[in-house]
Amino acid sequence: MSDIAFGIIDTSPGGPLRPERPVAFKEDLPAEKKALAEDLQALFGALGISRRRYAVRRHLDPSSVTRYLNGDRVPPWDFVAGLISDVRQESAPLTLQAEAALRETHRVAQSANRRHSAMQELQDELASADEETRRIKTRERALEQALHDRERSLSESTSRSQHLERDLDNQQLAHRADVALWEGEYEQLRRDCDDLREEMVHLQEALAVTRAELIAAEEQCHQLETELDAMAQLEGGAEGASSLMAALEAANQTSSVAELVEVVGDLEARTQQAIARELVSAASRSRRVEEVAALLSGLQRAGLHAHAESVVPALVMTRPVAETAALVGELHRAGFEEGVAAVLRSSVELKSPCDIVGLSLGLHRSGLGELAESLLTAAFVVRTVSEVVAVTVWAAGTEVEPLSLAALGPAAGRRYVQEVVELVIALRAAGRHKHAESLPVAVAERREPSSVVTAMECFTSRGMTGEADLILSATQSRGVSHVLALVRALVQGRRSHDAASVVDRAVGLWPADSVATMIADLYSTNHFPQAAQALMGSMRHSAASTRSLLCCLDEAYPGAEAVVEMVAATGSPERAAHLFTSLETRELPQLAEVVFQHTLREKPTGHAGMFLQALDHSDAAVVQEDQLCARARAAQGPSMAPLLLALTAAWRDSAVTAVVRGCTGKRDIGELVLLLRQLHNLDNRTRPRAPDVVDQIIASVVQSWPTDQQAVLVIALAGAGLPQDADRLSCRAARQPKFRGVLKYEQTKHEQKVLSLAFWRKGSRGRNDEQSAP
């Protein structure tokens, strides 16, 4: 007996089981078979049951079990493996070393009979093939489950997306209603503002008149106060009052400016401000301009600002224009800039347009051209439109006419846009064409982008399109940030045509880094059409500049790939094709592939078909049949579904054939099943194109695949929920003589078969032999 018995681990409570009586061996039995029979008998003995009982348990013939155990026949390995499994269940497992030795003994015994050895090899191969089939089926079920999960997730995502789209539509409707309400309120507020501006103009004029009346009333009050003080002093002590007034009068007539400043300070200290103010006012009216300027400067240095500023309006009202100009000059030379500003401010408020021009002339002739321009600028900013026109008319032909032209610039930057338009119209009506032409340029150079667009709209509404075009042309010479804000403002103001012209001009003049900044800014602010226009415009330049632009885009958000994908997503099929060919020409194949893949995946089939037609007309290499076949061979099967449908929509039958040849050339059943499923999922229900493509795929499979693989594909299609495709393939492949038999074999080879009549006949012969045995 072999040492196999020593490999059985004894785990029973009462020790090893007593084996059944060993079977006697034949004398001429080969040593190899005898060794295997001894091992089997030792292993069978561990079960502790009879051979007949074991035969019933394993659905075997008892005579066959006897022949296996006495060495007459070498059992198949399935019998040995089953015996090992039964021993393991009886808590007497076989060690690994013993099982390996038993397998080797079985192999040596089989080698003694070549016919049985070859049969066993075939059985081993069949077992391996069956194991591989079970593994593939397990993988197939896992893939089907994963696909089912993805389909369910896609359905949920689609449902959620539709729900969000409905919410977005409802919100947009609500916002449109709010915008309409706000636009009505804005129009009402704009009309109210116009009315208030007119009222402000009238009130400013009334204020100027009132201020003049106030100055005269204050003068009268001062006189009356002086008289009352005099009368009171006469009643209480006429001599003292007379002496004080006489002293003040004498001081006004004989004292120097420094002495007057000292007297005013003394009166201020004695809380006699009215008398001090009267003294300053009297001195300002009676003394020469030089002395008045010195007095005001001295009061300012002495900290008596209120007295110095209180007499300025009266000086402006009472002094002639020439003296006012001389006073400004003296104050400027004395360094009393606050006094200069006060005189100019009062002149702007109180002087007539003619006097303002006269004062400007006096300042200009005195070498104070900057002050003259400041005076005109302030007048153009605060005075009414008619008064501004009057100032320019009075300045015509004089030395300050150039100053009046330059002073209009700040007015265009600070006044309301509607007033600027009215001012241009009034200046033209008055014959001041140069002044009128300078205002639009000043608006373009000084205003913010939103105000520039508003000015263009105001000029356009008045039929002054030339001025609107002039503003648009002049404002583009400013910095990059201004131009970008201008584009956004034009789009918001529904002037997309003007925004397009601004983008084209910038692309033609700016360097690559500035154009990249513009594209990134427009992309980030959701101005996709303008960003796409900028990129496509840049593609018309040299290849080096295009590559430099895309490199600059890659260094900032969102990157060149995102911008290129956006251009392909927002444009026509022809533009996407032009972008693809431009990128290919400039040796940027990765970005070109982004355009190609995005158009096929994200766009409808008709759009993608027009894209491929445009590429075909431009002789692009990517749509050549050899390139398409190579692409299909290298890519995953399902990813070719959009390309096949798009080629069908483009009427490229030969190209479809090339892609089909590449997809079927790999002979990957799993990928081909997924491709057919994806074709049906992407197909348009109203205008189906998938059936034609499926027919070509089936024809290619029947023509190039072996019969057994065709049969396996039929089974796979039926199991994947594509029975119609399976029927198509089965009908076409049935023309081959052996297909039906191969298909039936593939369909039934893994089924558990019922015991046949031949088996029972064979079993009955075995039982008769056992009964006849001694």
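Reader: How many nonpolar, polar and charged residues make up the lining of the second largest pocket?

Author: In this predicted model, there are 10 nonpolar, seven polar and 14 charged ones. Nonpolar covers Ala, Val, Leu, Ile, Met, Phe, Trp, Tyr, Cys and Pro; charged is Asp, Glu, Lys and Arg; the others, Gly among them, are polar. Local features need pLDDT of at least 70 and side-chain atom pairs 80 or more, while totals for chains, interfaces and linings use all residues. Numbering starts from 1 along each chain as its sequence is written, and side-chain values use heavy atoms, without hydrogens or water.

Reader: What volume does the second largest pocket have, and what makes it a pocket?

Author: About 1,100 Å³, the space filled by probe spheres set on grid points joined across faces, edges and corners. Lining residues have an atom within 4 Å of a point. Of those 31, the closest to the centre are Ile136, Glu140, Ile669, Val712 and Ala716.

Reader: Which helix gives the most to that lining?

Author: Helix 6, with 12 residues. Helices are DSSP runs (H or I, at least four residues), numbered from the N terminus.

Reader: Which residues does Val321 touch?

Author: Lys351, Asp355, Gly358 and Leu359, leaving out residues up to four places away in sequence. They count as contacts because heavy atoms come within 4.5 Å. Val321 sits in helix 12 (residues 321-333), and its C-alpha is 6.4 Å from that of Asp355, 34 residues apart along the chain.

Definitions and conventions
On a 1 Å grid over the protein atoms alone, a cavity is a set of points where a 1.4 Å probe fits but cannot get out, and a pocket is an open set with protein on both sides within 12 Å along at least five of seven lines; lining residues have an atom within 4 Å of a point. Helices (H or I, at least four residues) and strands (E, at least two) are DSSP runs, numbered from the N terminus.
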